[in-house]
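Thanks, everyone. Please bring up the model on your screens, and I'll walk you through a few places in it.

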Amino acid sequence: NRESRTMATPPPSAAIIGSTGLVGGHILSTLLAVETFTPVHTITRRAPKAESPRLDAVVDADASKWAGLLSGFAPTPSVVFSALGTTRAAAGGLANQWKIDHDLNVELVKAAKAAGTGTFVFISSAGTRGFPSSMAPYSKMKNGVEDAIKEQDFQQAVIFKPGMILGHREQGRALEGIFQGAVNGIGRLSTAAKDAVGQDAEVIGRAAVKAAQLAAEGKAPSKYWVVEAADIVRLGRTEWAGKEKAEEEVKAQA
């Protein structure tokens, strides 16, 4: 009846930072497809390609305003995804890369917590905690953001640690292209070996959304959940494919 609909709990909302990037783009398209979170907010320097009446796309080239924009979303995003990152070359040097990959991410983490967001999902990278890789600038950036997320004590934190991210980027990276070719070559011999080295961006994006769904249902395995290669493949490909098959069977029976 009308009264029960009025009193119904509104669906959770989401926000994505980095939605025009390779993984972020797949997170966005997946969120708009599954309809679990409404609305879906984005903050970007350029407009995302996706379109939907459920999409609230904020475009602002001044990244110093992003934390304030994130804090101002209404309703407050239940989950914030960050797939924000760049390269040293694209940023114009290590110092500028640090400002984006570390400083801006940490600022957004704090803004999300202050706004009342319950779940934060961060796309980090595998191998950043070991020695000597932990001493590399790239690892220090990722680890610093991970530490900030843990310090903010969200109701649920989800840290994704993919290996090589496979997929086509709008701005090609020559060395990465060579490595991707090698990993795809391994995949022709052994899917399991490929999965251990690199994961498709689409799979990572789906896995990130699935993890957020599980968190919303109270089914995350731990408050600070680190999702590595095997679980990325499980959440974003194996179980996702099973879900799609089940839905197709239901539709066929109907």
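Let's start with a location: where is the place of Pro132? Pro132 sits in the loop between strand 5, residues 119-123, and helix 6, residues 137-152. Look at the bond just before it. Phe131 and Pro132 are joined by a cis peptide bond, with omega about 10°. Keep in mind that this is a predicted model.

There is another cis bond to look at. Thr38 and Pro39 are linked by a cis peptide bond, and here omega is about -5°. Pro39 belongs to the loop between helix 2 and strand 2. For context, most peptide bonds are trans, and most residues other than glycine have a negative phi.

That brings us to phi. Glu35 also lies in the loop between helix 2 and strand 2. Its phi is near 65°, a positive value in a non-glycine residue. Is Glu35 buried or exposed? Its relative accessibility is 55%, over the 50% cut-off, so Glu35 counts as exposed.

Now Asp153. This residue is in the loop between helix 6 and strand 6, residues 156-160. Phi of Asp153 is positive as well, near 55°. With a relative accessible area of 45%, Asp153 is partly exposed.

Next, a helix pair. Take helix 2, residues 22-34, and helix 9, residues 201-216. Their axes come within 8 Å and cross at roughly 50°. Helix 2 and helix 9 are therefore oblique to each other. The crossing is right-handed. Who makes the contact? From helix 2, the residues include Leu22, His26, Ile27 and Leu31. From helix 9, they include Ile204, Arg206, Ala208 and Val209. By type, the residues of this contact divide into 9 nonpolar, 4 polar and 2 charged.

On to strand 2, residues 40-44, and Ile43 within it. Ile43 has a relative accessible area of 0%, so it is buried. What is Ile43 in contact with, leaving aside neighbours within four places in sequence? The list is Ile16, Ile17, Gly18, Val58, Trp66, Leu69, Leu70 and Phe73. Take Ile17 from that list. Ile17 and Ile43 are 26 residues apart along the chain, yet their C-alpha atoms are separated by 5.7 Å.

Finally, zoom out to the whole protein. There are 10 helices and 9 strands. Of the 254 residues, 44% are buried. Consider contacts between residues at least 6 apart in sequence: 69% of them join residues at least 24 apart. The protein exposes about 12,900 Å², and carbon and sulfur atoms supply 54% of that area.

Notes. Residues are numbered from 1 along each chain as its sequence is written. This is a predicted model: local features need pLDDT of at least 70, side-chain atom pairs count only at pLDDT 80 or more; totals for chains, interfaces and linings use all residues. Side-chain values use heavy atoms; hydrogens and water are left out. Helices (H or I, at least four residues) and strands (E, at least two) are DSSP runs, numbered from the N terminus. Buried means under 20% relative accessible area, exposed over 50%, partly exposed in between (1.4 Å probe, protein chains only). Contact means heavy atoms within 4.5 Å. Accessible areas come from the Shrake-Rupley method with a 1.4 Å probe; for residues, only the protein chains shown count as cover. Axes are lines fitted to C-alpha atoms, for helices over the stretch in contact, and angles run from 0 to 180 degrees between N-to-C directions. Angles under 35 degrees count as roughly parallel, over 145 as roughly antiparallel, 65 to 115 as roughly perpendicular and the rest as oblique. A crossing is left-handed if the near helix is turned anticlockwise from the far one by less than a right angle, and right-handed if clockwise. Ala, Val, Leu, Ile, Met, Phe, Trp, Tyr, Cys and Pro count as nonpolar, Asp, Glu, Lys and Arg as charged, and the others, Gly among them, as polar.
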